[in-house]
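Please consider the following points alongside the model.

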Amino acid sequence: MNSGNRPPAAKAAPRLEELRHQFTVMLQESDRRGAQRLLREALGAGYSPSQLLKEVVSPAIDTTARSWAEHHELSLSQIYVAGLIIKDAADLLSVGREAGEKPVGKIVIGVAEGDHHGLGRLLVSAFLRSAGFDVIDLGLTVSPKAFVDTALAEGADIIAISALMVEPAMGIREVRREMERRGIKHIPLLVGGAPFRYNPELVKLVGADATAPNAYEAITVARRLLEEKRRGQ
Amino acid sequence: MVSNREMSHSERLATALHGGTPDRVPVVLVAPLHGARELSLSTQEYFRRAENVAEGQLRFAQRVGNDNVDAFFYFGLEAKAFGAEVAFFKNQPPRIAAPILRSSSQVDALKAPEPSKDELLREVLRATELLADRAKGKWLVIGRALGPCSLPIELMGMEPWLELLLLGDDRRRRHVLQVTCQFSTSWANALLAAGADVVAMVEPMVSGTMLTRQQSAKLVLPVLRKVVKDVHGPVILWSLGAIQPVADLVPALGVRAVSTDPTDDVREVKRLVGRRLGVLGGLNDLAMLTWTSRQAEDEARRAIEAGAPGGGFVLSHQYEIPATVGYDVLAAVVEAARKWGQYANGKKQVKAS
């Protein structure tokens with residue numbers, strides 16, 4: 001990594017902290033085009049993809065997630081465009097872990113069986129990937145068996161399930177039952193979506209271990225579950 | 001002016017929707033699946049015939065005592081008129097199996113269907129006529145139409161619609177909204193012509209939950225204002241989300257009343273929309289899933305104390321009552337309105353417990 005905080009090829013290029021600040025503002029103000037342009041210009045100025053990812057994009061996501069966690073009037077559109085900006089950045093910077101680098105943890109994610117609303121899960125996936133998690137996305141209307149089979153086959157650390165509709169949300173109980181039938185106690189169940197936001201008691205009712213009220217707070221909750229899991233091992 | 005005589009359900013609700021003070025706080029419950037429960041029918045069978053829906057909703061209102069009858073079937077019926085397939089599930093509202101607009105060329109070719117030519121929409125109109133015939137003057141008949149800015153969610157899916165609305169091609173976005181405006185207007189007018197006293201225009205996109213205040217003001221409120229202007233009767237804006245961030249912009253839409261979400265402060269929404277508009281809400285229908293009847297009464301009392309002073313308040317909830325919520329919970333809500341929601345001399349009178 002360049003320790004001088006400037007790209008080697010271009011002395012006049014903006015410093016990393018300036019880029020970080022600008023990218024954070026663009027992320028929070030839904031400026032998708034601006035964020036793409038900023039990263040392209042930074043690459044052109046000589047910064048490496050991994051430098052931009054670690055010192056611009058990731059800290060900007062952390063700052064934004066912290067700021068939004070305190071902000072109660074955030075709209076879905078802001079989170080949605082932030083998810084697109086993060087995905088653009090991941091594509092542009094060819095995010096994938098560098099050789100030998102391990103993921104923070106592995107998460108199997110999907111939408112509850114019978115539910116076809118997938119936006120929440122896409123946003124959560126984008127934010128979790130940006131935080132270094134390996135995310136295996138099973139898509140819409142996923143059966144309890146598929147969640148558990150995949151989590152076991154992939155050695156997942158967490159199963160995350162999203163639901164917008166009430167009945168599919170209540171059906172997450174079947175995932176917990178399937179885990180109990182197979183004696184699985186080491187994989188926490190993370191749930192999210194409107195039913196859990198409006199009635200947090202449902203989290204316990206379906207046998208889940210935690211919920212996150214939105215995509216960016218899913219990072220904090222997933223990190224906590226992972227830490228608790230590792231402490232318990 | 002407050003009368004001490006007991007009003008009919010219809011009078012009570014109409015008065016509150018006008019921002020006035022009825023004899024007591026009215027209650028609006030949207031419980032389409034409880035109609036099927038009343039008749040012991042599957043949702044598929046229940047929604048097949050207008051007679052079932054009219055009978056189920058009347059029996060529900062008679063049993064529970066709410067002040068509305070609702071000619072609403074389910075979300076997705078508008079998209080079905082555009083060509084989507086509907087899927088049915090046990091104890092859940094039916095919904096469209098998949099969005100019909102999957103490519104730009106399909107979006108560009110989108111045309112508004114004529115409501116009277118669609119078989120299912122005709123059944124909804126017939127159910128509205130039957131309810132109007134049997135309930136007129138007793139209960140207020142509410143028709144429900146998906147609004148022009150949210151109908152595209154059903155047609156193309158949430159993610160593609162957000163992308164087109166926020167970041168997409170202007171011409172294509174205008175085309176979609178022109179088609180949905182045409183449809184929402186004609187559908188709302190058809191419901192009114194069939195006998196609905198008021199149309200609840202369901203617009204989740206008009207809420208702080210979905211868009212920022214600036215995005216709402218620029219992208220969706222002008223569209224909805226035009227539709228409301230062209231609808232020949234009273235309209236309730238039913239947003240399904242948090243209305244407070246845009247509540248001060250609601251009076252300019254020309255609607256009669258506005259719904260709230262459990263995250264809204266009903267007092268503050270009433271202040272922001274002014275005295276001429278009714279405000280509905282105060283209850284969380286998803287929380288009802290785990291309420292006892294005692295909790296229901298407590299929650300309803302809390303909501304009444306927040307919303308009732310000054311009139312213009314309807315005790316209601318954000319979306320629709322889940323099928324498994326018990327009648328004891330719903331009856332406790334209505335009982336709380338009777339017990340704690342009485343008005344006297346233009347002021348809310350809170351009885352001592």
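1. How many residues does the contact take from chain A and from chain B? The contact takes 20 residues from chain A and 22 residues from chain B, two residues being in contact if their C-beta atoms, placed from the backbone, lie within 7 Å. This is a predicted model, in which local features need pLDDT of at least 70 and side-chain atom pairs count only at pLDDT 80 or more, whereas totals for chains, interfaces and linings use all residues. Residues are numbered from 1 along each chain as its sequence is written, with chains lettered from A and ligands numbered from 1 in the order in which they are written.

2. On the side of chain A that touches chain B, helix 4 of chain A gives the largest share, five residues; helices are DSSP runs of H or I with at least four residues, and strands runs of E with at least two, numbered from the N terminus. That side comprises ten nonpolar, six polar and four charged residues (nonpolar: Ala, Val, Leu, Ile, Met, Phe, Trp, Tyr, Cys and Pro; charged: Asp, Glu, Lys and Arg; polar: the others, Gly among them).

3. In chain B, helix 12 (residues 266–273) and helix 13 (residues 293–307) pack at an angle of about 30°, their axes 8 Å apart. Axes are lines fitted to C-alpha atoms, for helices over the stretch in contact, and angles run from 0 to 180 degrees between N-to-C directions. Helix 12 of chain B is therefore roughly parallel to helix 13 of chain B (angles under 35 degrees). Val266(B), Arg267(B) and Lys270(B) of helix 12 meet Ala303(B), Ala306(B) and Gly307(B) of helix 13.

4. Chain A has eleven helices and five strands.

Key:
Parallel < 35°, antiparallel > 145°, perpendicular 65-115°, else oblique.
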